[in-house]
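Hi there,

Here is the structure I promised to pass on to you. Have a look at it first, and then read my notes below.

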Amino acid sequence: MTQTQEPVRETSAPAVAPGRLYIGGGWRDAVAGRRRDVINPANGTRITTVAEGDAADINAAVIAARVAFDEGPWPRLSARERGDVLLKIAATLQEHREELAQLESIDTGKPITFARMVDLGDTVDHFTYYGGLAGTVEGATRSIRRPGFAYTLREPIGVVGAISPFNFPLILSTSKIAPALAAGNTVVHKPAEDTPLTALRLAELLTEAGLPDGVLNVVTGGGAAGAALAEHPGVDKIAFTGSTATGAKVATAAAARVTPTTMELGGKSAQIIFADADVARAIEAAVGGFVFNTGQFCMGGTRLLVHRDLYDTVLGALAEAATHVPVGDPRQESTVVGPMAGPHHLENVERYIALGEGRVVAGGHRLDIDGGYYYAPTVLADVADDARVVQEEIFGPVLTVQRFDTEDEAVAMANGTPYGLAAGLHTNDVARAHRVAAKLRAGIVWVNSWAVLDAALPFGGYGRSGHGRENGPEGLDEYLQTKSVYLPTD
Ligand code: NAD
């Protein structure tokens, strides 16, 4: 994934055409002519290459998006007409669902079963949901203190710069692109450097479905391209998903021009198992919560807090379950855990485990499978509240387990990191479920479940996990601004 030209093995999977930049409805090479290898994380082989865009390419894409916004048909369509196009996009993506799932799986290493079900399910749903919601964008009449007619208009913001991470390339780009388009904006998308393939195919399919030229532009490239987008004066709104550290840089660049931002950042989410919980159900949620997407999941439930009475039972069951999760080739339908997305992600997990914090009760090592970047699902018991493995986002298949005695203690521990993306609790006491849900400082709380997401359900962060919301009507509001109009009648 670097640009060094060391020889790499070619992948044995079906050929993927070399990627170019998608700007103004057409393909072009990067101005500087540079390219980047795209590597299959399941075996370290090269899938293809894509253009490596930089500031000059971002500038060209912003100009194309600007022209499409200022002069093109898209913002001038009625909201319901835009909704029709989004529904057509949903139908087109549905037709290409298997092709996109295969591409997403080979690029990220995620198991094909989940790529089909989760990634493509959510991606299609973003366009279905916002296609339906588009026609609900409307202003209001207001009663004011002087004679006249006062009303509001809801308008698009302009050119949206969308920057997405490597772990859910389609989901986390379309959670921005679908509402941004529904609201009438135009978009420049900078996908993650490690996983750029579906973003390019998506742009082509959206055009086929009827999106006018220049409304969606895609510039592949690394952090330099992302930074150029964040600081570009022609961008009216930045929608970013990624790490808190990068988010802070993007927010700083945007703030210099008073550009509004949505920040979907890192997490270190806790699941609490109370003494009255359905233990089998809680363990299933706990395992899924940290191995899903090989732990490369912003909402991973990576801190498990267990009531003292259940601690040993839960720990034993977790160690057993984690050891038997099917890890291996993402192309196999039975695979639950694939490789990590790249060698640097794997090395990062190794650095955390090497700290020696806590007691390893499962995993704690790489897995040697076909030259891929595999790490065994890992459970660390008896960790301290202030341990780095408890406080910092590891972004791999690693779960820490801690014990508590009282409800207040559990809530304090769950809220005890700078993050606040998600939280969960397992209990059969209804009053406790609502009481604790209200006290948890997180953008989403799951009771007796984990990671249930839906295009209609807003998500986003408290604290260092970011600001703004994606999904739901709230996700559409992020791409609209309000104009008030007054007309005297006296
Ligand atoms: P990252 O921050 O390294 O990169 C995210 C994107 O930012 C990439 O496209 C990258 O090229 C770009 N980028 C890098 N430097 C930049 C800069 N200076 N200016 C502008 N853009 C720049 O994140 P990642 O490793 O791709 O993704 C993992 C992180 O994303 C984790 O922290 C995870 O929790 C977070 N995440 C959050 C959510 C959420 O909804 N809150 C969802 C998924 C992932």
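The centres of domain 1 and domain 2, taken over C-alpha atoms, are 30 Å apart. Domain 1 covers 21–265 + 466–484 and domain 2 covers 270–454, with bounds from an automatic or database domain assignment.

Two notes before you go on. This is a predicted model, where local features need pLDDT of at least 70 and side-chain atom pairs count only at pLDDT 80 or more, while totals for chains, interfaces and linings use all residues. Residues are numbered from 1 along each chain as its sequence is written, and side-chain values use heavy atoms, with hydrogens and water left out.

Now to where the domains meet. In contact (heavy atoms within 4.5 Å) are 24 residues of domain 1 and 29 residues of domain 2. Together the two domains bury about 2,100 Å², 54% of it on carbon and sulfur atoms; buried area is the accessible area (1.4 Å probe) that two parts lose on being put together, summed over both. On the domain 1 side, Pro41, Ala42 and Phe166 lose the most area to domain 2, together 22% of what that side buries.

What about charges? Between the domains there is one salt bridge, meaning a side-chain nitrogen of Lys or Arg within 4 Å of a carboxyl oxygen of Asp or Glu. The side chains of glutamate 333 and arginine 116 also form a salt bridge, at 2.9 Å from N to O.

Enjoy exploring!
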